[in-house]
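Subject: Handing over the two-chain model

Dear colleague,

I am passing this structure on to you, as you will be working with it from here. Please have it open beside this message while you read.

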Protein chains: 2
Amino acid sequence: MNFEFIKSEIEKIAVFSQKDWELFSSFIEPHTLRKKEFLFSEGDVVKYLAFVQKGCIRYYLNDNKGDEHIVYFGFEGWWVGDMNSFFNRKPTIYYLQALEDTDLFMFNRENFTYAIENTTYGEFFREITKRSYMSMQKRYAESNTKSAEEKYLELLEKNPQIIQRIPQHYIASYLGIKPESLSRIRNKISGK
Amino acid sequence: MNFEFIKSEIEKIAVFSQKDWELFSSFIEPHTLRKKEFLFSEGDVVKYLAFVQKGCIRYYLNDNKGDEHIVYFGFEGWWVGDMNSFFNRKPTIYYLQALEDTDLFMFNRENFTYAIENTTYGEFFREITKRSYMSMQKRYAESNTKSAEEKYLELLEKNPQIIQRIPQHYIASYLGIKPESLSRIRNKISGK
């Protein structure tokens, strides 16, 4: 098993000592999701947080009309899961589903908590959580203040792999618009 | 100056050593905002994160039609500010305004970063950022999946001080609805 990618991703922020890395890497539980397979569904108590080694997932929830709302897509290098359910042992309201065959490196609660409190991973986790918070606040703010077209154009610019790897109806769900509206926006842009 | 409240709030999560507390408390810069006064506005590079010792603030942004969208209200015990602008020295897109006369304990970037990296405050900051992230994700999810009435009822239950201390039109902005819709919901509920 090759752990170079996860190590290099973490070490962009906090460098492991040899001892910390040996401990941390011993916590990794590799797991493969086939395309369309779920890691967890609404009602589960989430047992793992995971690093995406290869592939792509979507993280979403259903509204009370049964419509799906995608909160994020997770590609290579992303940390995914429901921290609330994981840390507080509460049933999740989310679904995590693979959109491609996906290799995950998973961590259970006991090991993950130990790593945060006792290794340099704690420093990484603080920083990544801070960034996730800022990014979620931005996403919330933009969902309320930007037009669908503005959101799509920003997505094209900042995260082109979403456009290339994700089916259109999921992109529409991520942007909070109907698939027909996304088609209109795409036609309008390509007609320019 | 009485620092008991901020100390006890932090120590719900991580207890200071005497030495850490002396350092941390020496970083506190008290500052009072008069009702309606701003700590920062769109375009500013945010110089302080702040703890609300007394009073209440709103944190909001404008959309491109000039309408305001309130991201959160901050009451006693809240940490407020724009981390993205603060840490990355970028102009903020937000406004932070006092809704009552408000006493803040502020921290500049140099001191705050030092405290995170060198005192037990780092442990607190990691935990509070994690909670903020989970709460922002929940708020984002609910803004897309719950009806205005559901959101208002949950607010009534979980955060009654918002209802008591905040003007109606700001609550409407926080819920992402028009003031008329909030009036209808309130009438419907009180008619039950």
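Below is what was found in it, going from the whole chain to the interface and then to single elements.

Please keep in mind that this is a predicted model, in which local features need pLDDT of at least 70 and side-chain atom pairs count only at pLDDT 80 or more, while totals for chains, interfaces and linings use all residues. Residues are numbered from 1 along each chain as its sequence is written, and chains are lettered from A and ligands numbered from 1 in the order in which they are written.

**The chain as a whole**

Chain A has nine helices and eight strands; helices (H or I, at least four residues) and strands (E, at least two) are DSSP runs, numbered from the N terminus. Its C-alpha trace spans about 55 × 35 × 30 Å along the principal axes.

Of the 192 residues in chain A, 32% are buried, where buried stands for 20 or more other C-beta atoms within 10 Å of the residue's own, exposed for 12 or fewer, and partly exposed for values in between, with C-beta atoms placed from the backbone. Two residues are in contact if their C-beta atoms, placed from the backbone, lie within 7 Å, and among the contacts in chain A between residues at least 6 apart in sequence, 72% join residues at least 24 apart.

**How the two copies meet**

Chain B is superposed on chain A by a rotation of 180° with 0.0 Å of shift along its axis, at an RMSD of 0.0 Å, and the two copies are thus related as by a two-fold rotation axis. The superposition is by least squares on the C-alpha atoms of residues with pLDDT of at least 70 in both copies.

At the interface, 24 residues of chain B are in contact with 24 residues of chain A. On the side of chain B that touches chain A, the elements giving two or more residues are β5 (68-74), α3 (83-88) and α5 (121-145) of chain B, and α5(B) gives the most, with 16 residues. The residues of this side divide into nine nonpolar, eleven polar and four charged; Ala, Val, Leu, Ile, Met, Phe, Trp, Tyr, Cys and Pro count as nonpolar, Asp, Glu, Lys and Arg as charged, and the others, Gly among them, as polar. Because 100% of the interface residues of chain B are also interface residues in chain A, the copies meet through the same surface.

In chain B, an open sheet of four strands has the order β2-β7-β4-β5, with antiparallel pairing, where two strands pair if DSSP finds at least two bridges between them. The edges are formed by β2 (38-40) and β5 of chain B, each with a single partner strand, so one side of each is left without a neighbour in the sheet. Neighbouring strands of this sheet are turned by 25° against each other on average, direction ignored; axes are lines fitted to C-alpha atoms, for helices over the stretch in contact, and angles run from 0 to 180 degrees between N-to-C directions.

Helix α5 (residues 121-145) of chain A packs on the sheet, touching β4 and β5 of chain B, and its direction makes about 145° with that of β5(B). Helix α8 (residues 168-175) of chain B also lies across β4 and β5 of chain B, running at about 100° to β5(B). In α8(B), the buried residues are B:Ala172, B:Ser173, B:Tyr174 and B:Leu175, and the buried residues of this helix pack against β5, α6 (148-158) and α9 (179-190) of chain B.

Within the sheet, six bridges join the antiparallel strands β4(B) and β5(B), and B:Tyr60 has B:Ile70 as its bridge partner in β5(B). Five residues lie between the strands of this hairpin, in which B:Gly66 takes a positive phi near 90°.

**A covered strand**

Strand β3 (residues 48-54) of chain B is mostly covered, with six of its seven residues buried. Six bridges join β3(B) to the antiparallel strand β8 (residues 102-108) of chain B, and two join β3(B) to β6 (residues 79-80) of chain B, again antiparallel.

With best regards
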